[in-house]
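Have a look at it first.

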Amino acid sequence: RSQSRIASDAPAIGSVWVAVVRGHFCTPRPYFVLELDGNEVRTPVALSSNPVWGDGSLPKAEFELPLYDPSGDVCLFLCDDTHLLNERAIGRVLVPVRSLCTKALLPMPKAAHTVRFNLLPATRQGHDGTQARYREAVPNVAGTGMVRPPKDLGVVEIRLQLKLTVPGHERLGLLAAYAQSAPVGFCDEDDGSEEDQAAPKADQAPPASAKTMKSITNRLERLLQTPYLLRPPVLYVQPLVLYGVCFHTELYHLPWVVFAAIVLSGCLGYVHRGDWTKDMIFWEESVGEDQLPRGLQKLRQMQEFFGNLQVALGKAAAALEKQRNLMNFA
């Protein structure tokens, strides 16, 4: 599990209080490992598949973890103490710190509240480690999604509360935490493929992976879509706006016009925020038929790619030669 790299001398911007209350699990000896910004705590091992922490001989499971990154997640990993490899997680719940605040323009921390979560698999197919993020599966690339377990992993009920200590949090809420938090280090984009099991050196680029390239291509296609300002029905108003800007505005009005366009674009993006995730898939059953070339097909495709690249480079060189010789009167 790769944690965010926070400077060792960075002060905490607050804390998150977490209490594991009860749950129903697929194992008779469950316990949780809780992580936040690299700090880890563990609940007592329960001797029941329907435990209530703090009831009877089972101690309470209440913790307060320091918070350094307001964009981080509270990670809960379910472990099975009956298994020989009892340190390996069998389920997970990820709670964004942002969800512990109100949905107002200036998010304020909520009071302590109880939430129930369904447990999801701890990792995707073919990946040995525990993943501290939900990685979207890549369409038509086998082995990139989570395999639905044969039996339900269970549900857990927890109580959470965010407590901020940075100056100005009474008025600005989470925005003050963003302003005061230290920069978060680079987090590896782990795609769970076999090529990533051996970590590259610091000065060495990671090995190329077809899965990673396909995933990056999907992300770029999602980002390079037409802006909402240029889509109907807003598009139909653009001629009137352009007419007003061209014939009825002064030069000193242009910064305000640009600012209004930026604000309108942000508002439209907020209204259509669900479009960013509506095409995301996470389960292996939704991936579809594998279209990634393998074996001899992969070699043939690579040979065809380099052949096309060779032709394209030759045409580019010929075009540059013609351009240079066009006006040199040689």
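## Surface patches and salt bridges

Leu-230 sits in the loop between α3 (210-223) and α4 (238-248); helices (H or I, at least four residues) and strands (E, at least two) are DSSP runs, numbered from the N terminus. Keep in mind that this is a predicted model, where local features need pLDDT of at least 70, side-chain atom pairs count only at pLDDT 80 or more, and totals for chains, interfaces and linings use all residues. Numbering starts from 1 along each chain as its sequence is written, and side-chain values use heavy atoms, with hydrogens and water left out.

Leu-230 counts as partly exposed because its relative accessible area is 48%; buried means under 20%, exposed over 50%, and partly exposed in between (1.4 Å probe, protein chains only). Together with Leu-235, Tyr-236, Val-237, Leu-240 and Val-241, Leu-230 forms a nonpolar surface patch with about 600 Å² of accessible area. Patches take residues with over 30% relative accessible area and no salt bridge, joining like charges within 9 Å and nonpolar side chains (Val, Leu, Ile, Met, Phe, Trp, Tyr) within 5 Å. Areas come from the Shrake-Rupley method with a 1.4 Å probe, and for residues only the protein chains shown count as cover.

There's a positive patch too, made of Arg-98, Lys-103, Lys-110 and Arg-273. Lys and Arg count as positive and Asp and Glu as negative, while His and the chain ends are not counted; a charge is placed at NZ of Lys, CZ of Arg, CG of Asp or CD of Glu. Arg-98 is in the loop between β6 (89-96) and β7 (113-118).

As for the overall layout, the chain has six helices and eight strands, in the order β-β-β-β-β-β-β-β-α-α-α-α-α-α. Of its 330 residues, 31% are buried.

Now the salt bridges: the structure holds eight, each a side-chain nitrogen of Lys or Arg within 4 Å of a carboxyl oxygen of Asp or Glu. Among them are these:

| Pair | Closest N to O |
|---|---|
| Arg-22 and Glu-157 | 2.9 Å |

Salt bridges with shared partners join Arg-22, Arg-116 and Glu-157 into one network.
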